[in-house]
Amino acid sequence: MVKKVFITRNIDEEVIQTLATHFQVEVWHSEHHACPREELMKQAADSHALLTMLSDQVDQELLDHAPQLEIVANLAVGYDNIDVKAAAEKGITITNTPDVLTDTTADLAFSLLMASARRIVEAADYVKQGSWQSWSPYLLAGSDIHHKTIGIIGMGKIGEAVAKRARGFDMTILYHNRSRNHEAEQNLQALYRTLDELLQESDFVVCLAPLTEETKGMIGAEQFALMKETAYFINAGRGPVADEKALIHALQEKELAGAGLDVFEKEPIDSSHPLLSMKNVIAVPHIGSSSFETRKIMMELCADNITHVLTGNDPLTKVH
Ligand code: DGY
């Protein structure tokens, strides 16, 4: 019997064709709309593998309706959209795409930091809207980045890659993590701080923590109040780690200078969301790892994981 793979979004054609040489492959083809829940449930019912996006909920209900499922290959390093415990109980392998997206995601996090500090979006809009009448000394003046202090929350691979970039800007690097990262301390001169200390001392707080029971809502009103009034909050991890209501309040009360956000509590964010009307907020649609090169490598890794598992071999990047 030929095993079935369902891919929940249109991905690279070469990757689809490679899978199709061994398996029956079905793809949700829409460019603009995520695979509806009913369709995912229907397809999962007779699939042996699912290649999912971070926006697909792989929960107990779905797993209960997928009696033949052997693997879910998630096209992301984060896997908070998947009930890993329920999958383990059913012997279903879950894989993600670590390492291959580290630099690309760090580039995006650092871009948000730079764009926020130097008001790039505001300045570009200003020129495009024809508002530029004359040069003036403080026209769209922003904050320096070089020689400032960056505080990285979540010092895993992506955190280290952000720290590397910060070193090029002669920044002081602080970090907070569940456990000490001795390599980052040694190789990147990163200094460990408690969360409160990091928030108080940093000019840029970059949040890269994964979403877990412990990190949900970890940056709330109390934490924003600790930040410097001149500091920027960057989130390129997961939206629910920061409390958006508290962030809005802190920005309105000028407890911090601005925010650069790749991730949100609810994605896609509503176009009427108050954060989107704030000049000092840069919001992008969860594009951390979105470069053509990296996305292709991520897709290939998902396909390799699926091929390995469906042919009785060990997956390459199983989540713990
Ligand atoms: C992921 O892959 O989990 C990140 O959100 C990168 O965009």
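In this predicted model, E14 is exposed, with a relative accessible area of 54%. E14 forms a salt bridge with K296. The closest N and O atoms of that pair are 2.9 Å apart. The bridge links distant parts of the chain: E14 sits in helix α1 (residues 13-20), K296 in helix α12 (residues 292-310). The two residues are 282 residues apart. K296 counts as partly exposed, at 24% relative accessibility. Salt bridges with shared partners also join D12, E14, K296 and E300 into one network. Over the whole structure, the search finds 19 salt bridges.

The chain is divided into two domains. Domain 1 comprises 4-98 + 292-310, and domain 2 comprises 102-283. Their C-alpha centres lie 31 Å apart. Six residues of domain 1 are in contact with four residues of domain 2. About 400 Å² is buried between domain 1 and domain 2, 48% of it on carbon and sulfur atoms. On the domain 1 side, L54, D80 and T294 lose the most area, together 77% of what that side buries.

Across this interface the rule finds one salt bridge. Two residue pairs are in polar contact between the domains. The residues of domain 1 that touch domain 2 divide into three nonpolar, two polar and one charged.

R238 forms a salt bridge with D80, with the closest N and O atoms 2.8 Å apart. R238 is buried, at a relative accessible area of 13%. D80 is partly exposed, at 34%. The R238 and D80 pair also spans distant parts of the chain, 158 residues apart. R238 lies in the loop between β10 (232-235) and α11 (244-252), D80 in the loop between β4 (71-74) and α4 (84-89).

A further salt bridge pairs D203 with K228, the closest N and O atoms being 2.9 Å apart. D203 is in the loop between α9 (195-201) and β9 (204-207), and K228 is in the loop between α10 (221-226) and β10. The separation is 25 residues. D203 counts as buried because its relative accessibility is 10%, under the 20% limit. K228 is partly exposed, at 28%.

N177 is found in the loop between β7 (172-176) and α8 (182-188). At 18% relative accessibility, N177 counts as buried. A polar atom of the N177 side chain lies 2.9 Å from the backbone nitrogen of M155. The N177 side chain also reaches the backbone oxygen of S179, at 2.9 Å. Neighbours within four places in sequence aside, N177 is in contact with G154, M155 and Y192.

Notes:
Residues numbered from 1 in each chain as written. Predicted model: local features only at pLDDT ≥ 70, side-chain atom pairs only at ≥ 80, totals over all residues. Heavy atoms only, no water. Domains from an automatic or database assignment. Contact = heavy atoms within 4.5 Å. Buried area = accessible area lost by both parts, 1.4 Å probe. Salt bridge = Lys/Arg side-chain N within 4 Å of Asp/Glu carboxyl O. Polar contact = N/O pair within 3.5 Å; in protein donor to acceptor, adjacent residues only side chain to side chain. Nonpolar A, V, L, I, M, F, W, Y, C, P; charged D, E, K, R; others polar. Helix = DSSP H or I, 4+ residues; strand = E, 2+ residues; numbered from the N terminus. Buried < 20%, exposed > 50% of the residue type's maximum accessible area, 1.4 Å probe, protein only.
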